[in-house]
Amino acid sequence: PVLEPLLLARGVTKRYGAFTAVDGVDLAVMPGSIHSVIGPNGAGKTTLFHTLTGTVPITLGSIRIQGEEVSRLAGHKRVQRGMARSFQVTSLFQNLSVRENLRVAAQGRVPREALFGWGRPRDDDAAQVTADAMLSRFSLTALADRPVAQLSHGQQRRLEIGLAMAAQPKLIFLDEPTSGMGVDDIADIKALIASLKQDNVAILLVEHNMDIVMGLSDTITVMQSGRVLAEGAPDAIRNDAHVRRAYLGNM
Ligand code: ATP
């Protein structure tokens, strides 16, 4: 059977007044794949993410998850259909323990603004089972009882991905997971993202670190000025003359 895209976006457009931040972007994310979105600063990558997840309303275009149109659905409804995004550190409950944060995420009680909603709250036992599974899956068991505020930056980032995975999504959005990290933490996150393939989750990744993008992606979409400049496998993108020009040779 022909594999259908998990996420199929067509003509996604986001305007802020007269300014078009995302301009007719097409994107197809295959199940279980790693799909990166790259491009110079201001290209519209984060705005595209926000539009896909429902954080900001779309101006024009279609977004389908497994064939179902979701472009007008609230963010939490998209989560129920299998989308999740990682959080910023600041959205974690800093005084709660790692385990408590995971349990809250699994229960669906994280504040709206942090999460754009998490489906129906699950009962406590199920949430605890999920939380424990995430502790072990993300090598956080030894840190389970620590308040999040005591974790290192790298550990917090790992937990952020664990919180997204606690919703048991089919697709997770990672927006610059290595920003502000040192080399050791970057290596950890790279291995962690690679390992998510075994969980059969597709990943849509915005990332400036080219080692990660080129090393992990199945497909790369390159954006420039709100539009898709190129799309393809890492080797094709690396050798694309238009892409090289857009990056002034920095790849
Ligand atoms: P970076 O790599 O620097 O994070 P990006 O590719 O993620 O950049 P965006 O943050 O999506 O780019 O921004 C794309 C353009 O949209 C920028 O010119 C930005 O100023 C503009 N923009 C983003 N959000 C808004 C907003 N709320 N109102 C007006 N303009 C916005």
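Trainee: What share of the residues in the chain is buried?
Mentor: Keep in mind that this is a predicted model. Buried residues account for 51% of the 251 residues in the chain.

Trainee: And how many helices and strands are there?
Mentor: The chain has 10 helices and 10 strands.

Trainee: How much accessible surface does the chain have?
Mentor: About 11400 Å², and carbon and sulfur atoms own 49% of that.

Trainee: Switching to helices: at what angle do H3 and H6 pack?
Mentor: Helix H3 covers residues 98–107 and helix H6 covers residues 153–165; their angle is about 30 degrees, and their axes lie 8 Å apart. Because angles under 35 degrees count as roughly parallel, H3 is roughly parallel to H6.

Trainee: Is that crossing left-handed or right-handed?
Mentor: H3 and H6 cross in a right-handed way.

Trainee: Which residues make the contact?
Mentor: From H3 you have Val98, Asn101, Leu102 and Ala105, and from H6 there are Leu159, Gly162 and Leu163. Sorted by class, the contact of H3 with H6 has five nonpolar residues, two polar ones and no charged ones.

Trainee: New topic: I clicked on Thr51. Which helix is Thr51 in?
Mentor: Thr51 belongs to helix H1, which spans residues 45–53.

Trainee: Is Thr51 buried or exposed?
Mentor: Thr51 has a relative accessible area of 0%, so it is buried.

Trainee: What does Thr51 touch?
Mentor: Leaving out residues up to four places away in sequence, Thr51 touches Val12, Lys14, Val56, Ile58, Ile63 and Arg78.

Note on methods: Residues numbered from 1 in each chain as written. Predicted model: local features only at pLDDT ≥ 70, side-chain atom pairs only at ≥ 80, totals over all residues. Heavy atoms only, no water. Axes fitted to C-alpha atoms, helices over the stretch in contact; angles between N-to-C directions. Helix = DSSP H or I, 4+ residues; strand = E, 2+ residues; numbered from the N terminus. Parallel < 35°, antiparallel > 145°, perpendicular 65-115°, else oblique. Left-handed = near helix turned anticlockwise from the far one by under 90°. Contact = heavy atoms within 4.5 Å. Nonpolar A, V, L, I, M, F, W, Y, C, P; charged D, E, K, R; others polar. Buried < 20%, exposed > 50% of the residue type's maximum accessible area, 1.4 Å probe, protein only. Areas by Shrake-Rupley, 256 points an atom, 1.4 Å probe, with all protein chains shown as cover.
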